[in-house]
Amino acid sequence: MELSFARFCCVLLSLFAGLASGLEITSTGQTSIEKASGQGVKLDCQFTLAPEDSGPLDIEWSLLSSDNQKEDKVVILYSGDRAYEDYYEPMKGRVHFNSADPKNGDASINLTGLKSSDSGTYQCKVKKAPGIRSRKMLLIVMVKPSKPRCYAEGPTQEGKDIVLRCTSSEGTNPLQYSWEKTSDNKLLPASAVLDPVGGTINVKNASASASGTYRCISSNRVGTEDCILYLNVTPPPNTAGIIAGAIIAVLLILIIIAIILFCCCRARHRKKYEKEICNEIREDVPPPKSRVSTARSFTVGSQRSSLGSMSPSNLHEYALKPQYDKIPSSEDYERPPSHAPLPPPNAAKMAGPNLSRMGAIPVMIPAQNRDGSIV
C-alpha cells in the first residue's frame, strides 16, 4: 500500500513539473518526410523557454529502433553548451545542427547525402529542468530508379510473339514502368499488352509495322529514368533453303572425304606394286647371246656322237625325227616349247637296209621329253 502511494505521488509531481515549466516545442510541420537518396533534409524542432526553466539545456536527437528489444541510437547531442555532431559513426560528417547556437530555440538538424539506411523514426528531445519536451518525425529515404535495361526476348520475326522487357536493378518500390513508341506514328501496336509492374510489353503476332524505336520509363515517387530500344521485325527465314543448303554441304564434304581416301589408297597400292615389281624375276627375259654358240656346238656334237652310235635297226626311227637334221638357230631357242616345229605330215619313210647301203652310220638317240629336252 505504501509503494502504490509513492508511485502516485511521483506521477503527480511530474505532471505538476510539466505544467509549471514553460518549455514548449513549437514546430508544427509535417511529421512524415520522403526524400530521395543523395538529397538532404531538414528535421525541424523549434522550442521556447520560460523564466522558470532554469536548469542546463540538453538537446538529443535519436533514431528509434523498430525492435523494442534493441536500444535507440543517439545521432547528435547538445549538452553543456557544446554540440557533439560526430556522435553516431554511420552519419559522421553528414549531420549538423541547423543553428550555430541551439540555445536560441532552434534544435533542428540537417542531414546530407541521404542513404536508404537513414530511413526511420527520429525523435527530438529538449530538456531544461524542470521541463522535458519531445517530437517525433518519420523519414523515408527512397532510392530513385537506376537506369533501366531494355531488351527484346525471343526471335524478332513476323508472326511471332515478341516480348520487350524493361528492368531497373535499383530503386525503392513501388516501381512503375511505361512504354511509348517514339518513331513513325508513335502508336503502340494494336496487339501490344502492357504490364506496368513487370515492365514488359507483349506484341502478339508481330508484323513489320511493329518495327521502330521504343522508350521505357521507370519511375517511383522520387525520380524517373528511361532507356531506348530499337525493334526490327524481320521476315521468317527460308527453312527449306536452309535445309537444302545443309544437305548439299554435307554431301560435298562426304565427296571430298571419299576422294581423299581414294587417292590415299591408290597411292599406297601403287607404291606396294612398284616394290613387288622391283623384287620379281621375269620369266620371259631371253637368255644372253653368248649362250647360242655354246648350245649350238653342244647340239652339233651331240648329233655327231649320236650318228656314230646309230645301228641299222634304229636308223629308221632316226629318219622320222627331222629336227636333228639341222642345227637349231637362236630363234629356235627363243621360241617357246609349245611352238616347236612339227615334222611334215608326208615325210618319206626309209628302211634301215637302204640307209646302210647309202653309207649311213647307226647312232643311239637319247630319250627326250615332249618339249625336246634330253632326259
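# A tour of the disulfides and their strands

Start with the whole chain, coloured by pLDDT, the predictor's confidence in each residue from 0 to 100. The mean pLDDT of the protein chain is 78, and 67% of the residues score at least 70. This is a predicted model, in which local features need pLDDT of at least 70 and side-chain atom pairs count only at pLDDT 80 or more, while totals for chains, interfaces and linings use all residues. Residues are numbered from 1 along each chain as its sequence is written, and side-chain values use heavy atoms, with hydrogens and water left out.

**Whole chain.** Switch to cartoon. The protein chain has six helices and 18 strands. These are DSSP runs numbered from the N terminus: helices are H or I with at least four residues, strands are E with at least two. Of the 375 residues, 27% are buried. Buried means under 20% relative accessible area, exposed over 50%, and partly exposed in between (1.4 Å probe, protein chains only).

Select residues 2–20. This is helix α1, with the lowest mean pLDDT among the elements, 43. Strand β9, residues 109–111, has the highest, 96. Residues 1–20 have pLDDT below 50, and beyond near neighbours in sequence this stretch has three contacts in the model. Now select 291–310. Here too pLDDT is below 50, but the stretch has 37 contacts beyond near neighbours in sequence. Where pLDDT is low, the predicted coordinates should not be read in detail.

**Strand β10.** Select residues 120–128. Strand β10 runs antiparallel to strand β5 (residues 57–64), with eight bridges joining them. Strands pair if DSSP finds at least two bridges between them. Look at leucine 64: its bridge partner in β10 is threonine 121. Cysteine 124 stands opposite arginine 135 in β11.

**First disulfide.** Stay on cysteine 124 and show cysteine 45. They form a disulfide, with sulfur atoms 2.1 Å apart; the cut-off for a disulfide is a pair of cysteine sulfur atoms within 2.5 Å. The angle about the S-S bond is -75°, and the link is left-handed. Cysteine 45 sits in the loop between β3 (41–43) and β4 (47–48), and cysteine 124 in strand β10, so the pair ties together parts 79 residues apart in sequence. Both cysteine 45 and cysteine 124 are buried.

Select cysteine 150 and cysteine 227. Their S to S distance is 1.6 Å. The torsion about the S-S bond is about 45°, so this disulfide is right-handed. Cysteine 150 is in strand β12 (residues 149–153) and cysteine 227 in strand β18 (residues 223–231), 77 residues apart. Cysteine 150 is buried at 16% relative accessible area, and cysteine 227 is buried at 6%.

Go to cysteine 166 and cysteine 216, joined S to S at 2.1 Å. With -90° about the S-S bond, the link is left-handed. Both residues are buried. A search of the whole structure finds three disulfides. Counting bonded cysteines along the chain, the pattern is 1-2, 3-6, 4-5.

**Last stop.** Select cysteine 263. Its closest cysteine sulfur, in cysteine 264, is 6.9 Å away, too far for a bond. Cysteine 263 is partly exposed at 45% relative accessibility.

Technical notes. Contact means heavy atoms within 4.5 Å.
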